[in-house]
Amino acid sequence: MSFVATRFAPSPTGPLHIGGVRTALFNWLFSKNKKGKFYLRIEDTDKERSKEEYKKQIIDSLNWIGINYDDEEYIQSKNIKKHQEVANELLKNGFAYKCYCTEEEIKEQKEKCKKKGIPYVYNRKWRDPKNVEIPNNIKPVIRFKSKISGNSILKDLVQGEVNISNSIIEDFIILRQDGTPTYQLSAVVDDHLMKITNVIRGDDHKINTFKQKQIYEAMKWSVPEFAHIPLIHSEKGSKLSKRDKASTLEDYIKIGILPDALRNYLLRLGWSHKDKEIFTLDESIKLFDLPGVGKSPSKLDMSRILSLNEYYIKHLDEKELFKFLKIYSKKFKSDIDSSKEKSIIKSISFLKNKAKKLEDIYQNSQYILNDKIKISEEDLKLIDNSSKSIIKDFLIKFEKMPEINKDNLEKIVKGLIDKHKTNFKGVGQPLRIVLTGSRFGPGIYNILLSLEKDVIISRLKDYK
RNA sequence: GGUCCCAUCGUCUAACGGUUAGGACAGGUGGUUUUCAAUCACCUAAUCGGGGUUCGAUUCCCCGUGGGACCGCCA
């Protein structure tokens, strides 16, 4: 097996969105599967929009979901000089040329084409400037001499063979008027320098590949393999953008999605292995491959994410789950008081059964976390006089209880059912309301066993 | 508009010419139950349309139709 290196190359112009995370995941998985390298490259050559905070956020995001990269992150802007050198070499060797067209001139041309209804391609005015005078008041851009005739074929590892006519690829700019390199150049030079063997990226880059390949060829560099993965669509069915509601990783973290659940969801979005739905990290590394990637775009499905998350919440080691809950609560809700930790840990085994996300566990443990509980008007109505007498009787027995365990509690409850000629619900419901503030709580023994004795007594006393 | 890509249940997908078209999520019905859940069992639901090729097409080819991406001195 030959050596493999992949990279994820986001631009730090906003929070990482879910499509980017999947691209990173696929690259990472591919390299791990091949026992190769995976790098992170921050493409920050757009000075205007790139921000340090976003760079940090991207790194945090990858850490959160468990994607680790080799070496330090690679900062593209640090390599601008090298990009410029390559541009000059292309210029020297006749693969590129200076173009003195002004932006206005280009704009005019585009409008003309639009009016005529014909597709715009730069007219190559300065490609062969024999009979044109070079203006000395205009700074030129450097354009790449793109192929004019014939066809190009891309052998894409996901899409198969893609064949396009070279005439639709214009002489694209590689160095701007201010001398800075554009994406098309920088990406190629960096990928070459980083010895990237497989470029796995979104389908929206496919046309770029035809430009970039020409740079590799002009420089006589070996061309990496390309794999263009289909985009993730929003519920509307179009490319996911930052404006879509649940589009960034942060959106999922803040409702309490577990990293493993999202990793598993993203893995299965556009990739499959037979009928298998749940993949451990190791399994996904072992099984991931490019032929398993589908060609059609897929839509985001929140209920599916939630369902997977529910699965991981239920199957995760409870100590681990508590750790996640603690971190989550501190970051997005309020810190779990250390005096309440014991109760929460005791309760997590049943709390997790009605949770699809960490947020649910947090919500459902409010009766433990808060010293005072609120009972809604509606629930309060259910605490009538007969309920109160049940609570009173329960309290008397409970206070005298030598040891709080399920057997002893069951004895009390059974006794009360007989005495008050009611059923389990008749006893359980008032206790649940008074103890948790809600009709819809955990099982009554679970509540009784998880709350501190004095808390139970004081809550019951309020309603006896 | 031009170029390219895509097309199986509502959604994610399996079936690499021969299956009663499978699984998962969602939805529905019922069992269990201590409320809400959870859980168990069962059910509904798809090959975009039209032509070929073939003994046989979800699968291969062509044409429609629909959806999407790209068309920046952004990446």
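**A buried helix and an RNA-facing surface**

Eight of the ten residues in helix 8 (residues 259-268) are buried, so the rest of the structure largely encloses this helix. Buried means under 20% relative accessible area, exposed over 50%, and partly exposed in between, with a 1.4 Å probe and protein chains only. Helices (H or I, at least four residues) and strands (E, at least two) are DSSP runs, numbered from the N terminus. The buried set in helix 8 is Pro-259, Ala-261, Leu-262, Arg-263, Asn-264, Tyr-265, Leu-266 and Leu-267. Just after helix 8, Gly-270 takes a positive phi of about 95°.

This is a predicted model: local features need pLDDT of at least 70, side-chain atom pairs count only at pLDDT 80 or more, and totals for chains, interfaces and linings use all residues. Residues are numbered from 1 along each chain as its sequence is written, chains are lettered from A and ligands numbered from 1 in the order written, and side-chain values use heavy atoms, with hydrogens and water left out.

Now step back to the whole chain. Chain A has 20 helices and twelve strands. Buried residues make up 48% of its 464 residues. The radius of gyration of chain A is 31 Å, whereas a compact globule of 464 residues would have one near 23 Å. That radius is taken over C-alpha atoms, and the globule rule is 2.2 Å times the number of residues to the power 0.38. Along its principal axes, the C-alpha trace of chain A spans about 110 × 50 × 40 Å.

Next comes the RNA. Around RNA strand B lie 62 residues, of which Arg-176, Lys-239, Lys-354, Arg-432 and Arg-439 come nearest. A residue is near a strand if one of its heavy atoms lies within 4 Å of it. Of the atoms of RNA strand B that come within 4 Å of the protein, 69% belong to sugar and phosphate. By class, the surface near RNA strand B has 16 nonpolar, 24 polar and 22 charged residues. Ala, Val, Leu, Ile, Met, Phe, Trp, Tyr, Cys and Pro count as nonpolar; Asp, Glu, Lys and Arg as charged; the others, Gly among them, as polar.

The bases are contacted too. A polar contact is a pair of N or O atoms within 3.5 Å. A polar side-chain atom of Glu-277 lies 2.9 Å from a base nitrogen of RNA strand B. Backbone N or O atoms also take part: one of Gly-441 lies 2.7 Å from a base nitrogen, and one of Gln-177 lies 3.2 Å from a base oxygen. Elements giving two or more residues to this surface include helix 4 (103-116), strand 7 (160-165) and helix 18 (424-436). Helix 10 supplies the largest share, five residues.

How values were computed. A polar contact is a pair of N or O atoms within 3.5 Å; within protein, one must be able to donate a hydrogen and the other to accept it, and residues adjacent in sequence count only if both atoms are side-chain atoms.
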